[in-house]
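Dear colleague,

I am passing on the structure below, together with notes on what turned up when I went through it. Please read the notes with the coordinates open beside you.

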Amino acid sequence: MIIKVQNLVKRYGDLLALDHFNLEIEKGEVFGLLGPNGSGKTTAINCMLSLLKFDKGTIHIFDRNMSPDAYDIKRDIGVVMQNVAVFNELTVLENIQYFCGLYITDKTKRNQLVDEAIDFVGLGDYKKFYPKKLSGGLLRRLNIACGIAHKPKLIFFDEPTVAVDPQSRNNILQGILKLNREGATIVYTSHYMEEVEQICSRIAIIDKGKTLATGTKDELKAMVKAGEKITVELYSDNDLNGALIEKISNLPHVTDVSLNGNLLTVRCTGGRHNLIRVLDTLKDSGLTFGRVYSEPPTLNDVFLEITGKELRD
Amino acid sequence: MQVFNLYFKIIRACKGALIVYLVVFLSIAVFTSRFYVSPAETDFTETKSKIAIIDRDGGSRLAKGLTNFLIKNNTVVKLPDDSEKMQDALFFRSVEYIAIIPKGFTSNFEAGGGDLLETVTVPDSTSARYVDMQINKYLGAMRLAQKHSGLPYDKMQQLVIGSLDADIQVKMNGRVYNNKTDGFIQYFNLIAYAMLAVSTLGISTIMMVFNHPDIKKRNLCAPLKQRSINIQLALGSIIYAAACWLFMVICSIIIYGRSILSSGMLPALSINALAFTIVSTAIGLIVGILIKSYNVQAAIANILSLGMSFMCGVFVPQNLLSSTVLRFSKILPAYWYVRANSIIGSQNSKGHFDTLVLSIIIQLVFAFAIFIATLFISKLRRTKAQ
């Protein structure tokens, strides 16, 4: 076990930030911590890194108790913070050298690792640039290089793609997967469910400081009743009466039907012919329609099902 | 030693602002050394009194000799032997002293008589007293020569005038006090301004960088003890402050050369400057902990360096400051630094040795108090953050 967190409790005055939070992460995983802003993701990571004192619980990393002076554990951990933590007074190269130097004392080895980190994030052309001259995406890449240059076994990525353009975001996500392929265990926090779905092998959904559910994305999606969401864009001259809505509601596997303007939304549990049945019913009733969408459940649906609110609320 | 190395890389990054302060300091210092004229120096410049001589003895040999002697040492204004015009001349200060040589002056003198001259002067005039002394000196010397030399009158007069005109060579066994002394005391006073500016700017920049929450967090994630980070930062601050101090002391030697080296004051001035360097370092540390914005930092650096300098007598001598300002400035370390410099520069510094030591100790107490306050605030923030 790379990380084992048990019954972690952290209070900020009257606010309960972590409420008996539990977590287990195996070696080689890309583990996602998914939750809305303020759910306790960063607090959990800060406790795991011993940046915050906690009121109750235990944290073990690499099967050893984590504490502020557990330097042998810290040596194998890389951290990429939510906010870019680099020195504006140093160049790109000097920044990476500094942070790598905190872990690696041998100068030759350090220089080699720094070069590798620069190649990894693609900042070769910006070595002598100062951070203020870099774009948001490049700055994020520098932040990552500073966190991973010493080749850690465990890397924490705390919302590394906030305020990053789509192209840079994709580069960052691909880079994280590459690090994982090279042997690093990744802990990735985000409130972007698409990202977590894209790269994480296992996911924990947290809210109000509690772990609500843990599993692979398929395991999590299997937990929800809604297996499919069918959206039909009806033409405006249609007359969709209450009787027809009831008819659709009575179809097999249908759990919920709603009409919002000219958009008809039908939620169904898992089934093979849901879409065809709904469309046939509309056709038999003489209704005409344009676009039709059929979506599998998302992590947002999972979150909605568990908490009764949207992930982005 | 990553943190220690980083310390000087950051200092190097803000060298532009630091150089500006040092250039301002050195410019003022060089200007002071070239153009500073001590009030004490001008007090001792030889001056000539404006006098008039009325000779009623018809140019007798003693009257002639005295007249020549007075002409040599004073500015003689011609006046007619008219009491009204003499009164007018004194009233309008065209002369400060009128010597009236009475009839029978020479014969009376040679007969050993007293009260030889009549004088009319401006009331309470120091010039008049000075001219009185000259006349007494001349007549006293003439009487001495007349009694004991046995020389003919002409030779005797030459001997007296020659001896009175002789330059006296004075060799100072102690310090040489001149405008150079005041110049380098002023230079060392100015160090307070420069040191406050460069410490506040340099050390507080480092503290701000390392106390930035994201950087602090990132450093704490590394396998590096907080104590090690603190020790490296302290070592960097000590070396930086010591380098600034050394630079300013060396500049004093370059600017004032032998005069400062031979004055014997350099060690005391340097020790006092070192004490103030420690105070400035402490101020730099606390400013770095308290402020978060670089704009505020520049403003604080200016307010502290200029404010304290003006209030404590760095730019303007302390004796010209009002008692209210001085009363307030006593709670500022720069006051005690300037005061210590004044004692070192005074002619009787040995007599004020205890006060000098006390002034330096007070500065160190200030530094200690600020260090303790810095540690307290730092600890308070750390606890709050967790």
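Across the interface of chain A and chain B, in what is a predicted model, the rule finds 1 salt bridge. The pair is A:Glu94 with B:Arg12, whose closest N and O atoms are 3.3 Å apart. Polar contacts between chain A and chain B come to 7 residue pairs, with both partners at pLDDT 80 or more. On the side of chain A that touches chain B, helix 2 (71–74), helix 3 and helix 5 (136–148) each supply at least two residues, and helix 3 gives the most, with 5 residues. By class, the residues on that side of chain A divide into 16 nonpolar, 5 polar and 7 charged.

As for the extent of the interface, 28 residues of chain A are in contact with 24 residues of chain B, and the two chains bury about 2,500 Å² between them, with 62% of it on carbon and sulfur atoms. A:Glu89, A:Tyr98 and A:Leu102 supply 24% of the area that chain A buries against chain B, which is more than any other three residues do.

Over all chains, a search of the whole structure finds 12 salt bridges. One of them joins the side chains of A:Asp72 and A:Arg64 at 2.9 Å, N to O; A:Asp72 is partly exposed at a relative accessible area of 44%, and A:Arg64 is likewise partly exposed, at 35%.

Within chain B, B:Asp81 and B:Arg56 form a salt bridge with their closest N and O atoms 2.8 Å apart. B:Asp81 lies in the loop between strand 2 (75–76) and helix 5 (83–91) of chain B and B:Arg56 in the loop between strand 1 (50–55) and helix 4 (61–73), so this pair ties together parts that are 25 residues apart in sequence. The side chains of B:Arg61 and B:Glu110 also meet in a salt bridge, at 2.9 Å, N to O; because B:Arg61 lies in helix 4 of chain B and B:Glu110 in helix 6 (residues 105–110), the pair ties together parts that are 49 residues apart in sequence.

Finally, chain A is divided into domain 1 (3–222) and domain 2 (228–296), and 43 Å separate their centres, taken over C-alpha atoms.

With best wishes

Technical notes. Residues are numbered from 1 along each chain as its sequence is written. Chains are lettered from A and ligands numbered from 1 in the order in which they are written. This is a predicted model: local features need pLDDT of at least 70, side-chain atom pairs count only at pLDDT 80 or more; totals for chains, interfaces and linings use all residues. Side-chain values use heavy atoms; hydrogens and water are left out. Domain bounds come from an automatic or database domain assignment. Contact means heavy atoms within 4.5 Å. Buried area is the accessible area (1.4 Å probe) that two parts lose on being put together, summed over both. A salt bridge is a side-chain nitrogen of Lys or Arg within 4 Å of a carboxyl oxygen of Asp or Glu. A polar contact is a pair of N or O atoms within 3.5 Å; within protein, one must be able to donate a hydrogen and the other to accept it, and residues adjacent in sequence count only if both atoms are side-chain atoms. Helices (H or I, at least four residues) and strands (E, at least two) are DSSP runs, numbered from the N terminus. Ala, Val, Leu, Ile, Met, Phe, Trp, Tyr, Cys and Pro count as nonpolar, Asp, Glu, Lys and Arg as charged, and the others, Gly among them, as polar. Buried means under 20% relative accessible area, exposed over 50%, partly exposed in between (1.4 Å probe, protein chains only).
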